[in-house]
Amino acid sequence: MKFSAFVRNALLFVGLSALELSSTLAADWPRQVTDSRGVHTLDHKPLRIVSTSVTLTGPLLAIDAPVVASGATTPNNRVADDQGFLRQWGQVAKQRNLTRLYIGEPNAEAVAAQMPDLILISATGGDSAIALYDQLSAIAPVLIINYDDKSWQALLTQLGAITGQEKQAAERIAGFDQQLAAVKAKMTLPPQPVSALVYTAAAHSANLWTPESAQGKLLGQLGFSLAPLPAGLQTSQSLGKRHDIIQLGGESLAAGLTGNALFLFAGDQKDVEAIYANPLLSHLPAVKEKQVYALGTETFRLDYYSATQVLARLEKLFG
């Protein structure tokens, strides 16, 4: 996938000088990037990135990548601000004048209007625009990114290599690792193992984070161990064969929450009280011992911003 003359002209049109354009064709470029569709050649450092995935946008902002527009989710819900951007980085998006492409349903015309020189889409999840891959590929180079099988640090490193922001990614990770080590040294962990989940009281269901998830990996770094599922438990793994969650509902909800403590991502104290009030969960060890903890509504997706907030919350709880 080559950087076309059309895109060169488009970048000049939006105000990039020929000198600025040539400066992006540095010794480190072109670069080859491999995704599920094969090997792609990026001739230059991206200058106008469009993220069709609201999950990928936070990491791009964290490494100061030139992301100019992003897909969004439903505004003013428990995880998103009035723009439909995730709460943990919504203020940063406003400061950088990030454009909202659309809410929910992907739109190729909205992407094209931003004149991107790189388009990023997620491989799985509700924010994936993979159905529009062919249409988007006619606009600019498209890369498919998996965020469901790695830590947020690994994702940040991957995006840093793609965008030429390796130094910024490494600095963010190093700073976080220092903070994590300091918090871990002060923490007294509750009885192990634990269950980490997103709880939906109205549906009597939960998405249980797996050890492969960014949430599971962060807890593991802090010394927590995730409770295994009982053998033979009926669960559902949909949403594009995701690796990071196991869906629990009906009878499997109580059977799957075997941890001595429950950590509620994308949850607040109302969700804690909802679990305590659910008679079908009253027999759980974590409920009996009042070991249910909300980690904040900003933690639905883990990135640099929300992971930092999780650290602060865990330090307050167990420091």
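Q: If a cavity is a set of points on a 1 Å grid over the protein atoms alone where a 1.4 Å probe fits but cannot get out, how many cavities of 30 Å³ or more does a search of the whole structure find?
A: The search finds two, and the largest cavity has a volume of about 140 Å³, a volume being the space filled by probe spheres set on the points, which are joined across faces, edges and corners. This is a predicted model, in which local features need pLDDT of at least 70 and side-chain atom pairs count only at pLDDT 80 or more, while totals for chains, interfaces and linings use all residues. Residues are numbered from 1 along each chain as its sequence is written, and side-chain values use heavy atoms, with hydrogens and water left out.

Q: Which residues line the largest cavity closest to its centre?
A: Of its 17 lining residues, T55, Y147, A214, R301 and L302 are the closest to the centre, where a lining residue has an atom within 4 Å of a point. Helices α3, α7 (152-163) and α9 (214-221) each supply at least two residues of this lining; helices (H or I, at least four residues) and strands (E, at least two) are DSSP runs, numbered from the N terminus.

Q: What makes a space a pocket rather than a cavity, and what volume has the largest pocket?
A: A pocket is an open set with protein on both sides within 12 Å along at least five of seven lines, and the largest pocket has a volume of about 470 Å³. It is lined by 27 residues, of which T73, V79, G126, F300 and R301 are the closest to its centre, and α3, β4 and β9 each supply at least two residues of the lining.

Q: Why is the contact of E166 with R31 called a salt bridge?
A: The N to O distance between the two side chains is 2.6 Å, and the term asks for a side-chain nitrogen of Lys or Arg within 4 Å of a carboxyl oxygen of Asp or Glu, so the pair qualifies. E166 lies in helix α8 (residues 166-186) and R31 in strand β1 (residues 31-35), so the pair ties together parts 135 residues apart in sequence. D28 is linked with R31 and E166 in a network of salt bridges, and the structure holds seven salt bridges.

Q: Is R31 buried or exposed, and how do you know that?
A: R31 has a relative accessible area of 14%, so it is buried, a word that means under 20%, with exposed meaning over 50% and partly exposed in between (1.4 Å probe, protein chains only).

Q: What makes R96 and D64 a salt bridge that links distant parts of the chain?
A: Their side chains meet at 3.0 Å, N to O, and R96 in the loop between α4 (87-95) and β5 (99-103) is 32 residues apart from D64 in the loop between α3 (54-62) and β4 (67-72). R96, with 37%, and D64, with 41% relative accessibility, are both partly exposed.

Q: How do you know that E315 and K186 form a salt bridge?
A: The closest N and O atoms are 2.4 Å apart, so the pair falls inside the limit for a salt bridge. E315 belongs to helix α13 (residues 304-318) and K186 to helix α8, 129 residues apart. E315, at 27% relative accessibility, counts as partly exposed, as does K186 at 48%.

Q: Why are strands β8 and β9 called paired?
A: Strands β8 (residues 195-200) and β9 (residues 205-209) share four bridges in the antiparallel sense, and pairing needs at least two bridges found by DSSP, so the two strands pair. L208 in β9 is the bridge partner of L197. Both strands belong to an open sheet of five strands in the order β10-β9-β8-β11-β12, with mixed pairing.
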